[in-house]
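Biologist: Can you put the model up? I have some things to ask about it.

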Amino acid sequence: RSQLQDASMLLPMARRLGQEAERLTETQLAEAIWALGRLAFRGDLKGTNFLNPLARRACSNIIHFSMQELGTIAWSFGRLEELHSQLLSAISQRAVAEAQAAHGSGDRGQLSAKAVANLLWGFARLRYEDKVLFGNLGDLLCRQLEAGGSQPHAGARARPNVRALVSVIWSFATVECHHPELFAIVARALVQEQASLTDLAISNVAWSYARNNVLCPELLQCLADLTKVRATSFNEQHIANVAWAFATLSYEDVALFEVLSAAARHKIEHFKAQAVANVAWAFAKAEHSDEDLFDSLAKSATSCSMRRYSSQNVANLTWAFAVMRHRDEEYLDCLSEVVLRRCDTFEPQALSTLGISMVRLSLAPSPPLAAVLTAASHRFSESALDVQALANVGWAAGKARHSEDGFLDRLHEATWTRRQQLSVQDVGSLLWALSHLGRDDEQLGKALVVELLSKGDEAGTKAGAGALTGTGTSAVEGQPAAFEEKEVPPKLRSAAALDLAVLARVIATRYFSPLRLPAHSEAITPKRRKLCTYPQVQLQMAMRKKGFFQG
């Protein structure tokens, strides 16, 4: 409790506690584990096995601990980053039983908001997913809050424990466990208790709701108003989290982003790589142009030559510059050096994002971009590279006219292998890229379109079955056949108008000279009001080129 941290004492104490574990009472054991959690620097006890005897002792007597003590134990193991699956499983079973018993009796039992918050925080910190546990404790908290606060007492309606509630929703968001009812109830409670929200709480609440994609307008307005007042006291992580959260939830507030921009520029020298990348991404996602801020972000990145930037940090920062059309020559030179030196170690998704971003920043063709595209092509077979990323790499290669080192063979093979997963946009990009690079393949093109026209179920095969060879006319009267919207293949129905039009243009220009594709024009019909000039022109050119125009 004195907060005296002395690493030289920590390991001997942990060793001795492990040796004496069997002699400790439950309360002493919980206090010892809590003390180690408070004293230890993160990872100090990793690999020592000193905690194993304590964990085994706790497992053997799990029924004799109070829920407050079990919450403390879970919190401590989370802080120490020590994953002991048997202990967490035992704690989970006990907590679920308590929550279900409390539901049956109409009381909270031993599960106070603080105990629940500590327990869930420990599980989340260790990334130990237990949906049954989170679901039961979430339901219990909902009942407590609806009944009159997280710590009810006789004669008055208790005020909720704000710190515990913030910790709970952070835990749910961290393990990506969705509980809409809990998030809605907590949002109302936090709005009422907004005066109790610290800077850290504002940051964590915004991040949690964005991470779980929960939109609560009243809470967001409250957080935005608090941020405008307190942003000058935010640290770099608070600024990055709040900016990322509001951009992720597409919350439009120009004044908010101006305040965040000013705070970020004022503290830019303290920003770490993740914060720089997140702020840049957030402002680009929100389409909030700020030349001064992006100049500061570029300077921060180049000042350390992006040595500590992960591949995702580099990709997100470059993507933000590309979206905002912000060219900083010093940053681009630094980016080129980083890419040429490290791109073989980059994650597949980062390579995809970098490829399209570098093209948009007019770095095509160039040796750094060629290195990125070649490195990405060697990762096409990995599941970490999704189909949209594959299409992005293809599009970037088409723009850069990159076809060296067997790139086209790998792109063609990956497109064929993953054809069933491709969307309309993906197919349009990949067919365009392969054709633009001189690799027209009518068999591949037909196979891709067949997949797009597929209904995915037996009842829906009627419309897709003859789409490639049919004329789209009535056999009796020679008139255009009725083609109801519900018969349009799902992938076409859900596609954006622009993607459909571009795909039709690619098909009409490069593929299927003897074929007519009525499904494409009919899929556009329900989207006609959304069409801008460019998709209209593309579609009309495509349909006329094939001698087919309907509706």
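**Pocket, core and salt bridges**

Modeller: The largest pocket holds about 1,100 Å³ of space. Keep in mind that this is a predicted model.

Biologist: Which helices give two or more residues to the lining of that pocket?

Modeller: Those are α2 (26-39), α4 (67-80), α6 (113-125), α8 (162-174) and α10 (199-211). The largest share, six residues, comes from α8.

Biologist: And which residues lie nearest the centre of the largest pocket?

Modeller: Trp75, Asn118, Trp121, Arg163 and Ser167, out of 27 lining residues. The lining divides into twelve nonpolar, eight polar and seven charged residues.

Biologist: Switching to the core. Which residues have the most contacts inside the largest one?

Modeller: Leu119, Tyr209 and Leu335, in a nonpolar core of 182 residues. Leaving aside neighbours within four places in sequence, Tyr209 is in contact with residues including Ile169, Phe183, Cys216 and Leu249.

Biologist: OK, salt bridges. How many does the structure hold?

Modeller: It has 13. One of them joins arginine 125 to glutamate 81, with the closest N and O atoms 3.0 Å apart. That pair links distant parts of the chain, since arginine 125 is in helix α6 and glutamate 81 is in the loop between α4 and α5 (85-105), 44 residues apart.

Biologist: What about arginine 188 and glutamate 146?

Modeller: Their side chains meet in a salt bridge at 3.3 Å, N to O. Arginine 188 lies in helix α9 and glutamate 146 in helix α7, so the pair ties together parts 42 residues apart in sequence.

Biologist: Is arginine 188 buried or partly exposed?

Modeller: Arginine 188 is partly exposed, at 42% relative accessible area. Glutamate 146 is partly exposed too, at 48%.

Definitions and conventions
Residues are numbered from 1 along each chain as its sequence is written. This is a predicted model: local features need pLDDT of at least 70, side-chain atom pairs count only at pLDDT 80 or more; totals for chains, interfaces and linings use all residues. Side-chain values use heavy atoms; hydrogens and water are left out. A nonpolar core is a set of buried Ala, Val, Leu, Ile, Met, Phe, Trp, Tyr and Cys residues joined through side-chain atoms within 4.5 Å. Buried means under 20% relative accessible area, exposed over 50%, partly exposed in between (1.4 Å probe, protein chains only). Contact means heavy atoms within 4.5 Å. On a 1 Å grid over the protein atoms alone, a cavity is a set of points where a 1.4 Å probe fits but cannot get out, and a pocket is an open set with protein on both sides within 12 Å along at least five of seven lines; lining residues have an atom within 4 Å of a point. Grid points are joined across faces, edges and corners, and a volume is the space filled by probe spheres set on the points. Helices (H or I, at least four residues) and strands (E, at least two) are DSSP runs, numbered from the N terminus. Ala, Val, Leu, Ile, Met, Phe, Trp, Tyr, Cys and Pro count as nonpolar, Asp, Glu, Lys and Arg as charged, and the others, Gly among them, as polar. A salt bridge is a side-chain nitrogen of Lys or Arg within 4 Å of a carboxyl oxygen of Asp or Glu.
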